[in-house]
Amino acid sequence: NHSVAFITLKPGKASKQHYHKVSSESYLILKGIGSLEIDGNQFDLNPGEAVLIQPLEVHKIINNSPEELVFLAVCVPAWYPQDSFQTEK
């Protein structure tokens with residue numbers, strides 16, 4: 001009833017801004033520093049920190065650091081492509 005993805009973002013890279021209608025999503029930072037935007041608010045996440053992103057919250061994670069950003073993304077219920085809605089091109 002959940003999915004787990006191991007994600008690596010190279011320096012200067014970011015996810016597309018998006019939201020999910022059904023799934024909540026949690027990020028657990030393993031390495032590096034991520035800048036996370038949720039509904040227009042931005043904050044940094046350091047190794048060992050986690051965040052819960054609720055359904056309908058527009059979000060994007062950015063690697064502004066000089067090293068790779070490595071994190072786990074956990075979706076409940078499990079992620080499926082039809083539940084991801086991009087808000088930028």
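Predicted model: local features only at pLDDT ≥ 70, side-chain atom pairs only at ≥ 80, totals over all residues.

How many salt bridges does the structure hold? I looked them up and got two.

**Salt bridges.** I took Glu 68 to start with. Glu 68 forms a salt bridge with Lys 10, and their closest N and O atoms are 3.3 Å apart. Glu 68 sits in the loop between β7 and β8, while Lys 10 sits in the loop between β1 and β2, so this pair ties together parts that are 58 residues apart in sequence. I also checked the cover on Glu 68: it is partly exposed, at 30% relative accessible area.

Then I went to Lys 60 and Glu 88, whose side chains meet in a salt bridge at 3.4 Å, N to O. Lys 60 belongs to strand β7 and Glu 88 to the segment after β9, so to speak distant parts of the chain, 28 residues apart. Is Lys 60 buried or exposed? Lys 60 is buried, because its relative accessible area is 16% and the cut-off for buried is under 20%. Glu 88 comes out as partly exposed, at 26%.

**A neighbour for Glu 88.** I looked up Lys 16 as well. Lys 16 and Glu 88 are 72 residues apart in sequence, yet 6.6 Å apart in space, C-alpha to C-alpha. Lys 16 is in the loop between β1 and β2 and is partly exposed, at 39%.

**Aromatic pairs.** The count is two. One of them is Tyr 19 with Phe 85, which is stacked, with 5.2 Å centre to centre and 20° between the planes. Tyr 19 is in strand β2 and Phe 85 in strand β9, so the pair ties together parts 66 residues apart in sequence. I noted Phe 85 as partly exposed, at 25%.

**The sheet.** I traced four strands in an open sheet, in the order β1-β8-β3-β6, with antiparallel pairing. Its edge strands are β1 and β6, each pairing on one side only. Neighbouring strands here are turned by 20° against each other on average, direction ignored. Strand β3, residues 24-31, is joined to β6 by four bridges. Leu 28 stands opposite Ala 50 in β6.

**Surface patch.** Which residues form a nonpolar patch on the surface? I found Phe 6, Leu 28 and Leu 30, with about 290 Å² of accessible area together. Phe 6 lies in strand β1 and is exposed, at 58% relative accessible area.

Methods:
Residues numbered from 1 in each chain as written. Heavy atoms only, no water. Patch = residues over 30% accessible without salt bridge, like charges linked within 9 Å, V, L, I, M, F, W, Y side chains within 5 Å. Areas by Shrake-Rupley, 256 points an atom, 1.4 Å probe, with all protein chains shown as cover. Salt bridge = Lys/Arg side-chain N within 4 Å of Asp/Glu carboxyl O. Helix = DSSP H or I, 4+ residues; strand = E, 2+ residues; numbered from the N terminus. Buried < 20%, exposed > 50% of the residue type's maximum accessible area, 1.4 Å probe, protein only. Pairing = 2+ DSSP bridges. Axes fitted to C-alpha atoms, helices over the stretch in contact; angles between N-to-C directions. Phe/Tyr/Trp six-rings, centres within 6.5 Å; stacked < 30°, edge-to-face > 60°.
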